Each structure stands twice: as structure tokens, then as C-alpha cells.
Amino acid sequence: MAALGTRRKRPEPDVEINMVPIMNMFLVLIPFLLMSASFLHLKAIDTSVPVRAETSLSSEDSKKKEVVVTAVVKLTYTGVRLSVTSPELTEDQLKSLDTRIEWTKDKETEMLEELVIYLRGIKNKYPKSNTLILSPADDVIYKDIVTVMDVARKSGETTLFPIVVVSGEVSSS
């Protein structure tokens with residue numbers, strides 16, 4: 001009877017987690033992640049956001065020389081509408097600077113030359129101006145946006161509008 005009261009406990013088995021498969025998986029994953037990170041190249045286009053600035057008042061002569069305008073390029077799949085905004089110019093002066101260039105893929109070089117001629121004309125007339133607002137439509141491809149930005153920034157050795165702002169719809173007043 002005494003043997004019934006002394007029940008023997010079975011010793012619990014030593015449980016060890018096998019870490020070898022997990023270590024093997026990390027051994028394969030870490031070099032793969034390092035190699036894929038080196039192939040990831042992110043590119044950015046240097047641009048800025050629109051800023052509203054107040055202009056200072058000065059004498060009439062210096063005011064004419066220091067008129068600052070902002071060129072606006074509305075880019076669509078079929079053409080480019082060019083205009084100018086400035087609080088210092090009248091409505092008629094602004095309308096006289098509006099123009100449109102037809103955009104066809106087979107005559108892209110001619111269109112870019114017309115764009116450069118227009119932007120050079122604006123830059124020669126208002127040399128203090130350095131901002132261009134580019135407003136692309138939804139159907140314009142990325143390459144065309146970048147091409148227009150490059151043309152607007154620099155034409156040959158001449159810097160035209162170094163500050164290119166990509167924006168939505170812009171009113172001309």
C-alpha cells in the first residue's frame with residue numbers, strides 16, 4: 001500500500017528549439033536584401049512650389065526695368081498654351097503675350113524651338129523674371145514634362161527661367 005502513495009513523477013524532457021532553419025533563412029535573406037537595395041535608384045526632379053510674393057514700389061523708370069513676370073506654360077497632349085502673369089502689367093499687355101503652339105510628335109523639335117523663341121522673348125523683355133509655372137494636363141506623358149522643364153531652364157548657354165514650378169491650373173490675372 002505504501003507503494004501506491006508514492007507516485008513517481010516522470011522527469012520532463014528537455015525541449016530545445018531548433019534554430020538552424022531560421023538561421024539558414026536569414027543567411028539567404030540578408031545578402032538578397034543588400035543586393036536588391038543597391039539596384040534601387042530613386043530620381044527626383046528639382047522643382048519648387050508656388051509662392052506669393054509682394055513687390056516693392058519704386059520710381060517709375062526703375063519700375064519698368066524691374067517688372068517681374070511669371071511665364072505660364074499649359075501643356076496638353078495637343079499643344080502648349082503660353083501666357084504671362086504679373087500684377088504690374090495691364091490686362092492688354094498680358095493678352096498681347098499669350099500664344100499657342102501646336103504639339104505633334106513628328107514636329108516635336110520645331111515645337112521646342114518655338115517654345116525657346118517665346119521664352120527668350122519674354123526673358124529679353126523682362127530680364128528680372130526667373131519663374132515659370134508649368135501646368136501639365138492629365139494626358140501628358142512624363143517625358144514631355146521633363147523636356148519642357150529642361151528647355152525652360154536653359155537654352156544653350158542662356159539661362160531662361162531657372163525656377164520651374166509644376167502646378168495645377170493657373171489663372172492669368
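Q: How many of the 7 residues of strand β2 (residues 79–85) are buried?
A: This is a predicted model, in which local features need pLDDT of at least 70 and side-chain atom pairs count only at pLDDT 80 or more, while totals for chains, interfaces and linings use all residues. Residues are numbered from 1 along each chain as its sequence is written, and side-chain values use heavy atoms, with hydrogens and water left out. Strands are DSSP runs of E with at least two residues, numbered from the N terminus, and buried means under 20% relative accessible area with a 1.4 Å probe, protein chains only. Strand β2 is mostly covered, and the number of its residues that are buried is 6.

Q: Which residue of β2 is the bridge partner of threonine 70?
A: Two strands pair if DSSP finds at least two bridges between them. Strand β1 (residues 70–75) pairs with β2 in the antiparallel sense over 6 bridges, and the two form a hairpin with 3 residues between them. In β2, the partner of threonine 70 is threonine 85.

Q: Which residue in β3 stands opposite valine 80?
A: β2 also pairs with strand β3 (residues 99–102), in the antiparallel sense and over 4 bridges. Within β3, the residue opposite valine 80 is isoleucine 101.

Q: How far from the ring centre of phenylalanine 161 is the charged end of lysine 123?
A: A charge sits over a ring if NZ of Lys or CZ of Arg is within 6 Å of the ring centre and within 35 degrees of the ring normal. The charged end of lysine 123 sits over the ring of phenylalanine 161, and its distance from the centre is 5.7 Å.

Methods:
Buried < 20%, exposed > 50% of the residue type's maximum accessible area, 1.4 Å probe, protein only.
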